[in-house]
Amino acid sequence: MVPKVPPTPSKAYLANNLSGGEQMSDKFEIDHRLAANIHFADWELSTVFLANDSRFPWLILVPRRGGVRELHDLAADDQQTLMTEMMRASKTLVRAFQPDKVNIGALGHMVPQLHIHVLGRRQDDPLWPDPVWGPGEREPHKKEPYTAEQRDKALQDLATALSRD
């Protein structure tokens, strides 16, 4: 018999019923792989990073909640806040970089901590029209980190775009 899910599941409910009995930690820490990116802002719920890959305008939102791996692990009000922040990030990328398309995704196969990718794609980017992540033969990751000048300009463009909210 499947237990009835409360309207806003408690961490105890989630730990005992959805995570194989593992105890969820209340302690929030950003995974080192996410923290290796460029800090942009701290919003109501999320820490926002500019992905350190100059090929794409790419923000990563990390909700500051301990033990959260999936969107449905968030309380309902946090889910709504995160959706608002995702739309804010998307609009900010459009204003700052004018991408042809904005992709939003929550992938967790490499870094299980809940984080949301908000990724601007342009028809002239080096992978268009292929996905940033996809099947095929693996090659060493070819990130092109920002130079200090590129980083500063991208952060300024993002801040300027965000100020138009």
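These are my notebook entries on a predicted model of one protein chain.

**Ground rules.** I work on a predicted model, with residues numbered from 1 along each chain as its sequence is written. Local features need pLDDT of at least 70, side-chain atom pairs count only at pLDDT 80 or more, totals for chains, interfaces and linings use all residues, and side-chain values use heavy atoms, with hydrogens and water left out.

**Fold.** I looked up the secondary structure first. The chain has 4 helices and 5 strands. I took these as DSSP runs: helices are H or I of at least four residues, strands are E of at least two, and both are numbered from the N terminus. Along the sequence the pattern reads α-α-β-β-β-α-β-β-α.

**Whole-chain totals.** I noted that 38% of the 165 residues are buried. Buried means under 20% relative accessible area, exposed over 50%, and partly exposed in between, with a 1.4 Å probe and protein chains only. The accessible surface is about 10,100 Å², by the Shrake-Rupley method with a 1.4 Å probe. Carbon and sulfur atoms hold 52% of that surface. I then turned to contacts (heavy atoms within 4.5 Å). Of those with a separation of 6 or more, 56% join residues 24 or more positions apart.

**Cores.** I searched for nonpolar cores: sets of buried Ala, Val, Leu, Ile, Met, Phe, Trp, Tyr and Cys residues joined through side-chain atoms within 4.5 Å. The largest has 26 residues, and Trp43, Leu59, Leu61, Leu82, Val118 and Leu158 touch the most other members. Elements giving two or more residues to this core include strand S3 (58-63), helix H3 (76-97) and helix H4 (148-162). H3 gives the largest share, 6 residues. A second, separate core has 9 residues, among them Ala51, Phe56, Ile60 and Val111. In soluble globular proteins, nonpolar side chains tend to be buried together.

I checked Val118 by itself. Beyond four places in sequence, its contacts include Trp58, Leu61, Ala89, Leu93 and Ile104.

**Surface patch.** Met83, Met87 and Ile104 make a nonpolar patch of about 250 Å². Such a patch takes residues with over 30% relative accessible area and no salt bridge, with nonpolar side chains (Val, Leu, Ile, Met, Phe, Trp, Tyr) joined within 5 Å. Met83 lies in helix H3. Met83 is partly exposed, at 43%.

**Arg121.** Is this arginine buried or exposed? Arg121 is buried, with a relative accessible area of 4%. Arg121 sits in strand S5. Its side chain makes a polar contact with that of Asp125 at 2.6 Å. I count a pair of N or O atoms within 3.5 Å; within protein, one must be able to donate a hydrogen and the other to accept it, and residues adjacent in sequence count only if both atoms are side-chain atoms. Arg121 also touches residues beyond four places in sequence, including Phe56, Asp100, Trp128 and Asp130.

**Salt bridges.** I found 9 in the whole structure. The test is a side-chain nitrogen of Lys or Arg within 4 Å of a carboxyl oxygen of Asp or Glu.

- Arg65 and Asp78 meet at 2.7 Å, N to O. The pair links distant parts of the chain: Arg65 is in the loop between S3 and H3, and Asp78 is in H3, 13 residues apart. Arg65 is partly exposed at 33%, whereas Asp78 is buried at 10%.
- Asp124 and Arg122 meet at 3.3 Å. Asp124 is exposed at 60%, and Arg122 is partly exposed at 32%.
- Asp157 and Lys153 meet at 2.8 Å. Both lie in helix H4, 4 residues apart, about one turn. Lys153 is exposed at 52%.

How values were computed:
Patch = residues over 30% accessible without salt bridge, like charges linked within 9 Å, V, L, I, M, F, W, Y side chains within 5 Å.
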